[in-house]
Amino acid sequence: MLLRPIPSGRLPTRLAQLIGGLVIFGVSIALIVRAELGVMPWTVLEQGLKRTVGLSIGVWSIVIGILLLAASRFLGQRPGIGTLLNVVLVGVVIDATLAVMPALESLSLRIAVLILGILLNGVATGAYIGAGLGPGPRDGLTTAIAARTGRSLRLIRTMVEVSVVALGVLLGGQLGVGTIVFALAIGPLMHLFVPLLELRFGTG
């Protein structure tokens, strides 16, 4: 079986939460990019690839998602329908949001947009994980490597994201205070929103 089984309980609610979460996730990434104060670890890589090779951040998000999906499948991790939608939908929303959102001039506005983007990212992560329809491709790769190596998820996630940021910076991606704030804030935000949304909607 190529995909994870789809939970039978409250499927319409799960799908609505999943899609809403992924849309908000894409918007949140675009907000952080527009703030120009440093982007999320994986976006550092996507931004670096855009500046070095061409194409948009959203397209690189999709390409990297497909590669990570293939790597996770090779390591024995089965994707869910949520994983597949994550790969495509987030990248499309990033590019659509950046296309309509103008550059921000005021530093105070950029700080506010950065904070909003990080908060929305935490909510969105809780929503799509809480839907119970499969992890994102980056989460799936972390889980697959941890299962194969026997190392902790925390160690693997840290190693992967440090490597991604280092490569992204070498390619010209933007590492800044926003990257650090995101790294410090996303764990507590996930700790708050994943159980909250899972309890409310994610169980059958």
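Which residues line the second largest pocket? In this predicted model, local features need pLDDT of at least 70 and side-chain atom pairs count only at pLDDT 80 or more, whereas totals for chains, interfaces and linings use all residues. Residues are numbered from 1 along each chain as its sequence is written, and side-chain values use heavy atoms, with hydrogens and water left out.

The second largest pocket is lined by D139, T142, T143, L153, R154, R157 and T158. A pocket is an open set of points, on a 1 Å grid over the protein atoms alone, with protein on both sides within 12 Å along at least five of seven lines; a cavity is a set of points where a 1.4 Å probe fits but cannot get out, and lining residues have an atom within 4 Å of a point. The second largest pocket holds about 260 Å³ of space, a volume being the space filled by probe spheres set on grid points that are joined across faces, edges and corners. Helices α6 and α7 each supply at least two residues of this lining, and the largest share, 4 residues, comes from α7. Helices are DSSP runs (H or I, at least four residues) numbered from the N terminus. By class, the lining of the second largest pocket has 1 nonpolar, 3 polar and 3 charged residues. Here Ala, Val, Leu, Ile, Met, Phe, Trp, Tyr, Cys and Pro count as nonpolar, Asp, Glu, Lys and Arg as charged, and the others, Gly among them, as polar.

The largest pocket contains about 610 Å³ of space. Its lining comprises 31 residues, of which M40, W42, R157, E161 and F182 lie nearest the centre. At least two lining residues come from each of α1, α2 (41-52), α4 (81-100), α5 (107-130), α6 (137-149), α7 (153-170) and α8 (177-202). The largest share, 7 residues, is supplied by α8. This lining divides into 18 nonpolar, 8 polar and 5 charged residues.

The count of cavities of 30 Å³ or more comes to 1. The largest cavity has about 40 Å³ of space and is lined by L69, S72, Q77, R78, P79, T83, P135, G136, P137 and G140. Both α3 (57-74) and α6 supply at least two residues of this lining, which by class has 4 nonpolar, 5 polar and 1 charged residues.

Helix α1 (residues 11-35) has 25 residues and reaches 36 Å from its first C-alpha to its last, close to the 36 Å expected. The expected span is 1.5 Å times one less than the number of residues in the helix. E36, which follows α1, has a positive phi near 55°. Helix α5, with 24 residues, reaches 34 Å between its first and last C-alpha, close to the 34 Å expected. After α5 comes G132, with a positive phi near 70°.

The axes of α2 and α3 come within 9 Å and cross at roughly 115°. Axes are lines fitted to C-alpha atoms, for helices over the stretch in contact, and angles run from 0 to 180 degrees between N-to-C directions. The crossing of α2 and α3 is right-handed, that is, the near helix is turned clockwise from the far one by less than a right angle. In α2, W42, T43, L45, E46, Q47, L49 and K50 meet I57, W60, S61, I64 and L68 of α3, with contact meaning heavy atoms within 4.5 Å. The residues of this contact divide into 7 nonpolar, 3 polar and 2 charged.
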